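The text can be read alongside the sequence.

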Amino acid sequence: MTLIATESLTKVYGGGVTALSELTVTVEPGIVGLVGANGAGKSTLIKLLLGLLTPTRGRVRVLGLDPTTEPAAVRARVGYMPEHDCLPPDLSAAELVTHLGQISGLPRTAARERASEALRHVGLHEERHRPVGGYSTGMKQRVKLAQALVHDPDLLLLDEPTNGLDPAGRDAMLALVHRIGTEFGISVLVCSHLLGEVERICDTLVAIDGGRLLRADHIAAMTSTTDVLAVEVSEGTETLAARLAALDLPVSREGRLLLVPLADQQTYDLIIGAVADLDLPLHRLDQRRHRVAELFARREGSHV
Ligand SMILES: Nc1ncnc2c1ncn2[C@@H]1O[C@H](COP(=O)(O)OP(=O)(O)OP(=O)(O)O)[C@@H](O)[C@H]1O
């Protein structure tokens with residue numbers, strides 16, 4: 001089952017702002033990171049997936065359903081954590097999540113039980129009867145996550161779940177999202193302007209820039225090996241660089257690393273031979289991997 005599929009999806013707002021342009025992407029179940037700078041179109045895409053906005057052009061499918069014509073069916077199977085706070089301060093987390101469970105169609109008793117479970121999953125079971133107004137930002141984010149989980153969805157859409165959190169809070173939230181995606185078997189689309197964050201927890205990355213698709217791929221494919229060898233010695237970097245150059249290897253320097261294009265097995269042998277000859281302490285010799293950040297680095301000068 002395809003999780004999300006869009007075809008030439010375009011959204012132009014009333015004022016003439018094109019927030020999404022000809023976006024065609026297919027995403028399989030798992031933890032999916034949706035990354036892009038502020039204003040890239042992430043929230044717009046989430047709202048289109050939920051059926052809260054209608055496309056100007058193109059098609060969108062969520063779990064095989066069309067959110068434009070079947071919004072209720074989509075929302076029954078999708079949980080949504082909005083970016084901004086909208087929590088009534090006088091209600092307790094238990095009351096609020098139970099209420100939202102009922103709005104999702106659960107009978108009162110089932111909603112209460114599910115709310116209690118969801119709040120346990122997000123680590124708020126102890127505090128669930130306290131008014132939300134007294135919660136920290138991290139706790140409020142967790143209430144928002146619990147309400148997205150209450151009706152046992154197949155897909156969670158999380159809009160900037162680490163917003164406003166300190167580094168420890170961010171780590172805890174990311175670990176929680178990862179656990180939901182792996183242990184509960186729920187697919188998660190987690191949207192962020194911070195590539196380094198989502199990269200850590202997702203299987204697939206969808207990168208958008210100015211409303212257009214930059215790339216959609218498995219993280220593993222984005223971090224595949226390059227044909228460059230990285231060599232690091234604890235001392236004698238200059239000496240080794242000179243020796244490799246004398247062996248006709250096109251060596252370049254990047255900080256403490258020496259980079260050598262990998263032609264064949266002989267490249268390895270020449271490097272190891274040179275290190276041994278010079279009796280240098282070899283710290284590292286491996287094939288370089290692409291970094292996901294290159295995705296955006298290649299577009300330096302754009303606003304990502
Ligand atoms: N209701 C609206 N009316 C007009 N323009 C809008 C509306 N909502 C968003 N936009 C514009 O559409 C573009 C994409 O916005 P969107 O909120 O989808 O981006 P985003 O990637 O989620 O960014 P952020 O993380 O800042 O929310 C931006 O230029 C934004 O100003």
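The paragraphs below go through the annotated domain, the sheets with their helices, the ligand shell and a hairpin.

The model is predicted. An unreviewed UniProt entry places the feature "domain: ABC transporter" at residues 4–235. Over that stretch the chain is 35% helix and 29% strand.

Begin with the open sheet of three strands, which has the order 2-1-4 and antiparallel pairing. Its edges are strand 2 (18–27) and strand 4 (57–62), each of which pairs on one side only. From one strand to the next, the twist averages 20°. Strand 1 covers residues 4–12 and pairs with strand 2 in the antiparallel sense, over six bridges. Helix 1 lies across strand 1, strand 2 and strand 4. The direction of helix 1 is at about 115° to strand 1.

Helix 1 also matters for reading the ligand site. Which element gives the largest share of the shell around the ligand? Helix 1 (residues 42–50) does, with three residues. There are 13 residues around the ligand, and those that come nearest are Tyr13, Ala19, Asn38, Ser43 and Thr44. By type, the shell divides into eight polar residues, four nonpolar and one charged.

Strand 8 (residues 204–209) and strand 9 (residues 212–218) pair in the antiparallel sense, and six bridges connect them. Within this pair, Ile208 stands opposite Leu213 of strand 9. The hairpin has two residues between its strands, and Gly210 takes a positive phi near 55°.

The other open sheet to follow has four strands in the order 11-12-10-13, with antiparallel pairing.

Four bridges join strand 10 (residues 225–233) to strand 12 (residues 257–261), and the two run antiparallel. Ala230 stands opposite Leu259 in strand 12, while Leu229 has Val260 as its bridge partner in that strand. Strand 10 and strand 13 also run antiparallel, joined by six bridges. There, Val233 has Leu282 of strand 13 as its bridge partner.

Helix 10 lies across strand 10, strand 12 and strand 13, running at about 5° to strand 10. Helix 10 (residues 265–278) has 14 residues. From its first C-alpha to its last, helix 10 reaches 20 Å, close to the 20 Å expected at 1.5 Å a residue. Just after helix 10 comes Asp279, which takes a positive phi of about 55°.

Methods
Residues are numbered from 1 along each chain as its sequence is written. This is a predicted model: local features need pLDDT of at least 70, side-chain atom pairs count only at pLDDT 80 or more; totals for chains, interfaces and linings use all residues. Two strands pair if DSSP finds at least two bridges between them. UniProt positions are given in the numbering used here, feature names are shortened, and annotations may be inferred rather than shown by experiment. A residue is near a molecule or strand if its C-beta atom, placed from the backbone, lies within 6 Å of it. Ala, Val, Leu, Ile, Met, Phe, Trp, Tyr, Cys and Pro count as nonpolar, Asp, Glu, Lys and Arg as charged, and the others, Gly among them, as polar. The expected span of a helix is 1.5 Å times one less than its number of residues. Axes are lines fitted to C-alpha atoms, for helices over the stretch in contact, and angles run from 0 to 180 degrees between N-to-C directions. Two residues are in contact if their C-beta atoms, placed from the backbone, lie within 7 Å.
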